[in-house]
Amino acid sequence: MSSETAVWTSPSEGESAGAHTRAPVRKSVPLAVVRGAAFVVVAALLVSLPLLVTDYVLSAILVPVLALALAGIGQNLITGYAGQLSVGSAAFMSVGAFATYDASLHVRGLPLLVSFAFGGLVAGLVGLFFGLPSLRIRGFYLVVSTLAAQFFVVWLFTKVGWFSDYSASGVITAPKLAVAGFDLSSPGGHYWLSLLVVAPLTVLGRNLVRGRLGRSWMAVRDMEIAAAVVGVRTGRAKLLAFGIGSFYCGVAGALWAFAYLGTVEPHGLDLDRSFQVLFIVILGGLGSIAGPFVGAAFVILFPVALDQLGSALVGGSVDPGLLQNVEKIIFGALVILLLIKQPAGMARLLHIAWIRISRWRPRQA
Amino acid sequence: MFRSRVSTYATILGAVLLATACRSHSENAAAGGAPSAVASSAPVAGKEQYFPLQSYRVGPYAAGGSGFFGGFIDYMQLVNLRDGGVNGVKLTWSECETEYVVERGVECYERLKGGLNGAPVAAMNPLSVGIAYATIDRQTADKIPLITINHGRTDSTDGRVFPYVFPLSLNPYSEISAIVNYIGEREGGLNHLSGKKIAVLYHGSPYGKETQPIAELLASKYGFAVTHIEVPHPGTEQESQWLQIKRLAPNWIILRGWGIMNPVAIKTAAKVGFPVDHIIGNIWSNSEEDVIPAGPAAVGYIAITTHPSGRDFPVLSEVDKYVLSAGKGNMADPKRVGTGYYNLGINNGILNVEAVRVAQTKFGHVPLTGEQVRWGFEHINIDDNRLKELGAVGLLQPIKVSCADHEGGGAVRFVQWDGAQFKRISDWVKADRALLRPIIEESSTKYAREKGITIRDCDGEAKL
């Protein structure tokens, strides 16, 4: 941040953004009132979205964005806050999805949300297990451990038929979606279900990282020895990061499988998905709760937007294969440009833009 | 200062792009939910039938996608240019790139399902098991047929449980059964299989494992011994598997490969001295792309196919005459016309167009809804005479689809690589479908129970 730009940082933002100064709050309406009103408006908007947008936006855009954003939060707890490199998020998503499936299959009448929580818990335990090496090793060596989780989980679910109820092809199919008697099988229902799961977990995550545990994670991330010296139990903090982060990933996996695709196969959540979640976090903003939402929206929406723009501009006159490749090049170039210009991620970018807009005044004559 | 300005510009650019996405979609919704994608022939209002194409022309599977969708499009183009459409109803289509990625396929499905400029959707043909699995529920709810030619869920053959899913021509169970029947033929009769050893070298994925129970069933029925040997994805290293095969010394090997695994298997077989003409490749191990990288080691390799390569079929001459010569062919590389994937696309085109034609006999010569076209698929009856009319004798097997049987075929031809092309070495070899049907029904009724689906009464529907 250049010193000539006086950046305003509201108290809720920028825990990890390095040096920042608390700027004086402009006097007018009390901040709490503005915030409360904004919260109500945003919440009302989110809940009523299915009435405002098409099924396409709901079931092809919003639901996957929510699911991947949740996985991104999990990844961010592990990587962005606790500073532990992991490429196992898809494995934990996979565990969550299969555990949810098996729970709802073997326990008749189990409420959907309970089976989601169960899936998350199992994923959390698995994450805890694969996080054990973090007590001894760090950085790129730790990546190898989480990589092992990734390959092991795919292998396990392919090899052992019990997990997919001996379905010949190893693909599991979502049961009927209903919460408390409400049928959620419509696109709007899928969205509401995702919102119902993602919103509380986001608030929980936000509170977690601001609490004692979050502080200890950041202490471990910034300097582990110093953290240990001031009394942070670093091992416990790291394991909890893996456990809780994987819980988030597990629930996200269940959402991905049940609310979005309606099905999942072991290879559907492979290393590529782990990288995608990692990119979401890096693009959106490491060490931020809003970041994964921005990152997930970018990763899902941008290729679609580019695709539609491309076919609207030159569609028909260009070989479709060529057009697709050009779009991929543009997407990659934009990602590189973005990371060069704003390494702290898009959440930061939006934040700066917002501040510039909110501070804008017509120039005095 | 510079950085903040860039951030503002970047935000604006992002906002513009996203707005484009939303706007173009809302426009489409206004126009009956059609996409602003590559449209083909000039629109004739109210007289078009739309085929949305979830194609893939980039990514690791581009060879398959571009060949298949190229053949499919060329066939629809042929029907438009030669016959003026199906009884005057022109075919129209647009593409949406999936890269063979499931969620891209789902997004494309949602984007295209509303039709194009008022032309209703006939059917979806994703050519991807993953996408097909993910859209089964959506398509059943939206009443749009899902065509999974030669792939997809085996138990979706049971149309009583999967009313909108059609694994046309060949499902994985039929595939292995037909291969065993062919091996029996080569050994001098199925009763000579007793005491023989067959090894199945399979890709370490759900797809690779899928036929194991059927192979076991056939082994116990005919008295041969079957050994399953897994090759982990992607299969670039197979020394240990082939040493195991050498020790086992099987009479035949069935190769259930995928991608790079196939040429590596053929090469390693040559290295350990296993005769390549006793390896039988399955439906995803039968393309030119699977044998050419193996070089001379592949000469003599046998594979099954439902769509033999070659340009010597009358329908391909017609495509050449009406489409390619007119410069309207879809293939970027015209040399690929007549290869395996392209001819599968032609077959797929024939079956889709035939379904529309059949449905028109009941619902009139107008653009039809997905539900009506489904009726067409369920009444496809392509016999030898019809094959002759279509110019596809030997290219497509006789197919009779019904309410309960959504596969309709279940036969394959065997081809052998001679170093330059696949030579056809057998006529259509049928699977033992009566043996497979109870297993398929067991799986489909279990699915119906889990999902709470009411099983259709096919006999009752036929009387209506």
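Predicted model: local features only at pLDDT ≥ 70, side-chain atom pairs only at ≥ 80, totals over all residues.

Mentor: Start with two strands of chain B. Seven bridges join E5(B), residues 197-203, to E6(B), residues 225-231, and the two run parallel. Residues are numbered from 1 along each chain as its sequence is written, while chains are lettered from A and ligands numbered from 1 in the order in which they are written.

Trainee: What makes E5(B) and E6(B) a pair?

Mentor: Strands pair if DSSP finds at least two bridges between them. E5(B) and E6(B) have seven bridges. Strands themselves are DSSP runs (E, at least two residues), helices are runs of H or I with at least four, and both are numbered from the N terminus.

Trainee: How do you know that E5(B) and E7(B) pair?

Mentor: Five bridges link them, in the parallel sense. B:Tyr202 stands opposite B:Arg256 in E7(B).

Trainee: Why is E5(B) called largely enclosed by the rest of the structure?

Mentor: Count its buried residues. Buried means 20 or more other C-beta atoms within 10 Å of a residue's own, exposed means 12 or fewer, and partly exposed lies in between, with C-beta atoms placed from the backbone. Six of the seven residues of E5(B) are buried, so the strand is largely enclosed.

Trainee: What about E7(B): how many of its residues are buried?

Mentor: Five of the five, so E7(B) is largely enclosed too. In a regular strand the side chains alternate between the two faces of the sheet. B:Trp252, B:Ile254 and B:Arg256 point one way from E7(B), B:Ile253 and B:Leu255 the other way, and all are buried.

Trainee: Which strand does E7(B) reach through a crossover, and what is the crossover's hand?

Mentor: The chain goes from E7(B) through helix H9(B), residues 261-272, to E8(B), and this β-α-β crossover is right-handed. That word means a clockwise path from the first strand over the helix to the second, with the strands pointing away from the viewer. E7(B) and E8(B), residues 279-281, run parallel and are joined by three bridges.

Trainee: Is B:Leu127 buried or exposed?

Mentor: Buried: B:Leu127 has 29 other C-beta atoms within 10 Å. B:Leu127 also has a positive phi of about 50°, although it is not a glycine. B:Leu127 sits in the loop between helices H3 and H4 of chain B.

Trainee: And why does B:Ala249 count as exposed?

Mentor: B:Ala249 has 9 C-beta neighbours inside 10 Å, so it counts as exposed. B:Ala249 lies in the loop between helix H8 and strand E7 of chain B.

Trainee: Now chain A. Why are H11(A) and H13(A) called roughly perpendicular?

Mentor: Their axes cross at roughly 105° and come within 8 Å. Axes are lines fitted to C-alpha atoms, for helices over the stretch in contact, with angles from 0 to 180 degrees between N-to-C directions. Under 35 degrees counts as roughly parallel, over 145 as roughly antiparallel, 65 to 115 as roughly perpendicular, and the rest as oblique. H11(A) and H13(A) are therefore roughly perpendicular.
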